Amino acid sequence: MATPHAIPSVAPSPRGVPGRPASLWLVLALTFLGSVGTGAVTNGIFFITSSGLGYGRRQNLLLGAVFGATYIAAALLAGPGLRTLARRVGWISTRGVVAAVLLAMGMVCQLPLLARETADPGDTSLIGPAVWAMVLVYSPATGVLWPIVESYLSGGRRGPVLRSAVGRFNIVWSGALVGSFWAMAPLLEQRPFWILAGLGVIHLAMAAMMFGLPREPARHAEGHERHPPVYEALLALFRVLLFASYLILSAVNPIQPIILDRIGVSVAWQTPVASSWLAARVVIFALFERWHGWHGRWWIAWAGLGSMVAGFALSVAAPMFGPFALAAFIAGLAGMGAGVAAIYCGALYYALSVGASEVDAGGKHEAVIGMGYTIGPVLGLMALGLASSPGTEPDPERFRLWSIALIAAAAAGVGFWGWRVARARRPRD
């Protein structure tokens, strides 16, 4: 899913006043339900296509790249689109826009099951196009949804109250992803498209719940707390590394089902095993929410990047470990998830400490995530090409080596870029 950035405002309030914050419990409830849905599609769609359509590496990586590209466009257009609607159709509210987006998400989730149930037995010719049609609507819809939900979270809150709300938000949405991966397991082998239909029902329920929120998110309270000057340099570094984290995640997610098949994990246990990185992320979120000793520390950034890259390499190379392949895969995913969580917490904390902006900044933040979602699968497709000879299937060992090499090189390049950006902004003694 798109991850929270605590964006304070999506669109100006019609009356131009700060307004009261939305109910935190209602925002968290919507976040939990939305994360079950968007997380299962964003991270779990590849298990569904592998089980229901027999997709391999190439099809899943291509699907992942399309998901990211459409997400970027929607994230960048969310703020300007809402302002245009507010100018031209005064009665449309931000709340109404989100409800309409959720209705659309709920309906397109029914398409794969509808195609499956109306087709002749054994005929899958309509299911593939239905899945792609769903992704082409669902992905940009999430690019619109999450910046707005985040604005309801942060609108009217600041300082310790805002940080506490965002800490809970992180734990709720990340915990929901773990739950969604375990909930998918019983249906994955025999009824994979029922999973998507069920998620659609959840989104329809969310559309009704939206009307418990104000018509518009509250405007951000004026004034910012003072922060150490080094926080601006750390913010620049963590934002760059955030891109690297989604690049790595989006490269490994589409090929997880193939790796798990290779090491002999049954379909019913694939999503629970794959939730290892999600569970590790929840643990780090909870730790960093309670322990503040990491604030202002540079080593957190480099430890997070190293853990991500090492975890990625270990999980992709897991089949090479023979009888210890499953343990290597789980350990690799857990290391990757811990690194992702550390970088995410840093990017979010320093953004809140330095100061926040309007939803366009949130859209840009989400677009950076979308770039990672896109470039990761593209690197995977490049690895497939380098591991293949004309007219032959890619060699699995060469694919693993090229995947690790390309992702490690990209992560190192992004890390160096982040270091240069942070160094330029680091205060001089």
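Buried residues have under 20% relative accessible area, exposed ones over 50%, and partly exposed ones lie in between (1.4 Å probe, protein chains only). This is a predicted model, in which local features need pLDDT of at least 70, side-chain atom pairs count only at pLDDT 80 or more, and totals for chains, interfaces and linings use all residues. Residues are numbered from 1 along each chain as its sequence is written, and side-chain values use heavy atoms, with hydrogens and water left out.

**View 1. The protein chain as a whole has 15 helices and zero strands.** Both kinds of element are DSSP runs numbered from the N terminus: helices are H or I with at least four residues, strands are E with at least two. The chain has 429 residues, and 57% of them count as buried. Take contact to mean heavy atoms within 4.5 Å; then, among contacts between residues at least 6 apart in sequence, 88% join residues at least 24 apart.

**View 2. Helix α8 covers residues 230-252.** Of its 23 residues, 20 are buried, so α8 is largely enclosed by the rest of the structure. How far apart are the end C-alpha atoms of this helix? They are 33 Å apart, which agrees with the 33 Å that 23 residues should span at 1.5 Å a residue. The expected span here is 1.5 Å times one less than the number of residues.

**View 3. Helices α4 (residues 111-118) and α5 (residues 127-154) cross at roughly 165°.** Their axes come within 8 Å; each axis is a line fitted to C-alpha atoms, for helices over the stretch in contact, and angles run from 0 to 180 degrees between N-to-C directions. The two helices are therefore roughly antiparallel to each other, a label for angles over 145, while those under 35 degrees count as roughly parallel, 65 to 115 as roughly perpendicular and the rest as oblique. L111, P112, A115 and R116 of α4 make the contact with I127, A130, V131, A133 and M134 of α5.

**View 4. M209 sits in helix α7 (residues 192-209).** Is M209 buried or partly exposed? At 26% relative accessibility, M209 counts as partly exposed. Setting aside neighbours within four places in sequence, M209 is in contact with L26, A29, L30 and L33. A99 is 110 residues away along the chain, yet the C-alpha atoms of M209 and A99 are separated by 8.6 Å.

**View 5. Q110 lies in the loop between α3 (94-108) and α4.** Q110 is partly exposed, with a relative accessible area of 27%. Not counting residues up to four places away in sequence, Q110 touches A197, G200 and V201.

View 6. How many disulfides does a search of the whole structure find? The search finds zero, taking a disulfide as a pair of cysteine sulfur atoms within 2.5 Å.
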